[in-house]
Amino acid sequence: MEKKEWLESVYSDSTTTFVSNPYPKKGETVTFSLRVLKDNELTHVFLRAREYGVEGLHEMCATSEEHGLVYYTADVQIRDPYFKYQFYLVTATGIYYYTQFRITDYIPAEDADFVLLADYEAPRWVKDTVFYQIFPDRFCNGRPELNVKLGEYSYQGYASTAEGWNTPAMEYEQGHNLDFRNGDLYGIIDKLDYLQDLGVNGIYLNPIFLSPSIHKYDALDYFHIDPHLGGDEALIALIAEMHKRGMKLLLDISINHTSSAAKWFNKDSEFFPKEEGAYNNPSSPYRSFYFFGDGNSYASWFGVPTMPQLNYTSSRLRDIIYRGKDSVLKKWLLPPYGIDGWRFDVADCMARNEQADVHEEVLREIRTELKAVKKDAYLVAEEWADCSVDLQGDRWDATMNYFGCARPLREFAGAKDLYNERNQILRAVDSRLSAAQLARRICQFYARLPGAIQQQQFNLLDSHDVVRLHNIPSVRKEALRAALIMQFTLPGCPSIYYGDEILLAGSERSIDACRYPFNWQWEQNADAVAMRNFYRKLIALRLSEQALREGSFSVLGAEGLVIAFARFTRKEACFVICSLEDEPQTVCLPLAHYGILPAPVTADCFGSKVESVVKDGALDVIVPPQTSYLLKF
C-alpha cells in the first residue's frame, strides 16, 4: 500500500475524544468522530457498522478543523448491544478500510473492528487507579501474636515453620509452602502511609481465606479470613481504612479448585472430622461439588491431587459460590466488608475439564450476579494467553494482561517469553524481540477488544507467579526502565508487585524466589531509593495526565530496538520513546498528526536532557544509546 501522509494521520477510537459517550445505553444516539490531516485526495468518509448482522453505511461530514486536522462526524443510534464498526476512506482512485488494527486497501476481516458496548456496567474508576499487589505473608508483620508457630500444624505431610523476617524465601522442596514470615492484614494497615506516599491508590491482595499454606490458593473455607492474617475483623478494618483514604481493594480467589484438606473435600482429615467432607463420606452434601470416579478417584487441577477441581454442573455449588444472596463472592462485596472487585485465579481452566465444560455459562452468570450487587465491581481474570473471547463485555472486565503487556514487554527487555521458557527446546532458542514485533504483539491484542475494555486492562510486569524482571541477569538497567515506562503508559491500569519499587532481592531460579519478605530497611540502599523515586514519578504522571489515564493510543514507529508511541486527547499528548540500541538513534515525531505545532523540546517528564530538531513540520528527537523518554506536549 502506497505511503501517504494523510493516510498515516488517520485516527479514531472509542475514547471520549472520538465518541460522545463510550458507555451508551441501548437506543442512545452517539456522535462518532474521525480525524485526519487536511488533504484534497480524501473525498468521502463512511462509518460502516454491523447492526443486528446487517451492514449499514453512515456518511460522515467534515464538521470542524483544528490545527490542520479535519474532524469528520456522524450521529448513529446504538440499537445493537454489541455495536461493531470500521471506517471507509474514499478517494477518486480507491477505498481504504480502517479497523482498530490497521488500514488496508482491501476489505478486512471484522475481528479487529471498533466496538461500542451498550448498557455495559464498567468499573470506570479503574483507569484512575494504580494497583499495588501484596503477597500478605511477605509484606509486613503487624501483630506477632497472630503468627503461625513452628510445628503448629502439619499439612500434606510437612510441618509449618516460622522463619525470621529477613530469611530469604525457601524453595518448595525445602519449605513446602509452609515457611511462614507471618505478614498479616494489620501490617498492611500499618503501611498504608508508605503506599500512599508511593502514590498507589489500589491494593490487589493474594488470597487471604482460611488456608494452611503461605500462598492460600488452596482454601479450606471461603467464608472466613485466615486467623493468622487477622481474621474477618482485620479485613473489615483494612477496608474501612482504605476507603477512608480513597483507596480500592481487589481480592484474589481460586474457585476452580479447593485444597484436598478443605471442609468440603477433607481427604486426610487434617483439620476437620473425617465424616465432614465428600472424600470419605459418599452421602456428604458436598459430594456433587467435585468430580468423583471409580474407587474414589477424582479430577484435580492439572492432575495435582491436593487441588481437587470444583464441579460447576452442580446447581448447589453455583448457589454457594456466586448465585445465593449469602454466596462467597457476594459476601465479601457487601457490608460490612465491601471489597471493590475480584481477581479470579486460573480463570482459563475454571468450570471446564474432560468431564464437563460449562465455562462460558458460569462466567456469564458470575458477571450477572456480581454486577447486580455492585455495578462497578472490577472482575479480573488470570489469563496468560489470548483471552479476547472472554473480554467482550459479557464476562470479565479485564485480564491480568500477560498477553498484551507483561509477556511482550519482558521479552523486549531481554527476558525469555513466559510461556516459551517453560519448554527446554523453546527456551534454548537465542532470539530477541524486535520493536516491530513488540508493537504488533501489543496492538494485535488491543485491536480485538472493545474500546471500554481496553481502558481497564490490568497491566503488570511482575507477579507472584513469575521471576521479578529486575532479578534476571540478562535484563539491563535501562531495559527495565523502558519496560516500566511502557507499562505505565499503555491503556489500562498499572499494577506494581510489592517490592519491585525497591528492587527487592530474589533470583531467577524459581517463582519461590520472587516471594522474598519486604525489606523495610530499603532506605539504606541508594539503588532502592532511586528506583522508588522513579516509581513515585511514574505514578504521579500516570494519575495527573488525562492522556495517560484515558487517552487514545497510537504507535508512531518501531524499528530495530526502538519503539515510539503516543497517548493523547484533543488537548494534550504524551509521547513515549524507548531505545535499547547501543548506538544513537533519531526518532521522528509527526506532531502535526496530533494538532501540535512543532517546537524543540529540551527535557522529558523525568528531567532528562533531550536534544531535538524541528524538521518538515515534525520533531526529530536524537536518542542516546539505551535511553527512554516520556515527552509531554
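How many cavities of 30 Å³ or more does the structure hold? There are five of them. Keep in mind that this is a predicted model, where local features need pLDDT of at least 70, side-chain atom pairs count only at pLDDT 80 or more, and totals for chains, interfaces and linings use all residues. Residues are numbered from 1 along each chain as its sequence is written, and side-chain values use heavy atoms, with hydrogens and water left out.

**Helix packing**

- Two packed helices are described by the angle between their axes and the distance between the axes.
- Here the axes are lines fitted to C-alpha atoms, for helices over the stretch in contact, and angles run from 0 to 180 degrees between N-to-C directions.
- Helices (H or I, at least four residues) and strands (E, at least two) are DSSP runs, numbered from the N terminus.
- Helix α9 (residues 402-413) packs on helix α13 (residues 477-489) at an angle of about 155°, and their axes are 9 Å apart. That makes α9 roughly antiparallel to α13 (angles under 35 degrees count as roughly parallel, over 145 as roughly antiparallel, 65 to 115 as roughly perpendicular and the rest as oblique).
- The α9/α13 crossing is right-handed; a crossing gets that label if the near helix is turned clockwise from the far one by less than a right angle, and is left-handed if anticlockwise.
- On the α9 side the contact (heavy atoms within 4.5 Å) uses Cys405, Leu409, Phe412 and Ala413, and α13 brings Ala479, Ala483, Met486 and Gln487.
- By class, that α9/α13 contact has seven nonpolar residues, one polar and no charged ones (Ala, Val, Leu, Ile, Met, Phe, Trp, Tyr, Cys and Pro count as nonpolar, Asp, Glu, Lys and Arg as charged, and the others, Gly among them, as polar).
- α9 also packs with helix α11 (residues 435-446), at about 175° and with the axes 9 Å apart, so α9 and α11 are roughly antiparallel to each other.
- Residues in the α9/α11 contact include Phe403, Arg407 and Glu411 of α9, along with Leu438, Arg441 and Phe445 of α11. The whole contact divides into nine nonpolar, two polar and three charged residues.
- α13 and α14 cross at roughly 25°, and their axes come within 10 Å. That makes α13 roughly parallel to α14, and the crossing is right-handed.
- Among the residues that meet there are Leu480, Leu484 and Phe488 in α13 and Met531, Tyr535 and Leu538 in α14. The α13/α14 contact counts nine nonpolar, one polar and two charged residues.

**Cavities and a pocket**

- Rolling a probe the size of a water molecule over the atoms shows where empty space is left.
- On a 1 Å grid over the protein atoms alone, a cavity is a set of points where a 1.4 Å probe fits but cannot get out; a pocket is an open set with protein on both sides within 12 Å along at least five of seven lines; and lining residues have an atom within 4 Å of a point.
- Grid points are joined across faces, edges and corners, and a volume is the space filled by probe spheres set on the points.
- The largest cavity holds about 90 Å³ of space. Its lining has 15 residues, with Asp137, Gly183, Ile214, Lys216 and Leu229 nearest the centre, and splits into seven nonpolar, five polar and three charged.
- The second largest cavity holds about 50 Å³. α13 and α14 (526-544) each supply at least two residues of its lining, and the lining residues include Leu480, Leu484, Met531 and Tyr535.
- By class, the lining of the second largest cavity has seven nonpolar, one polar and two charged residues.
- The second largest pocket has a volume of about 1,100 Å³.

- Most residues other than glycine have a negative phi, and most peptide bonds are trans.
- Pro335 and Pro336 are joined by a cis peptide bond, with omega about 10°. Pro336 sits in the loop between α7 (328-331) and β18 (341-344).
- Ala351 isn't a glycine, yet has a positive phi of about 65°. Ala351 is in the loop between β18 and α8 (359-373).
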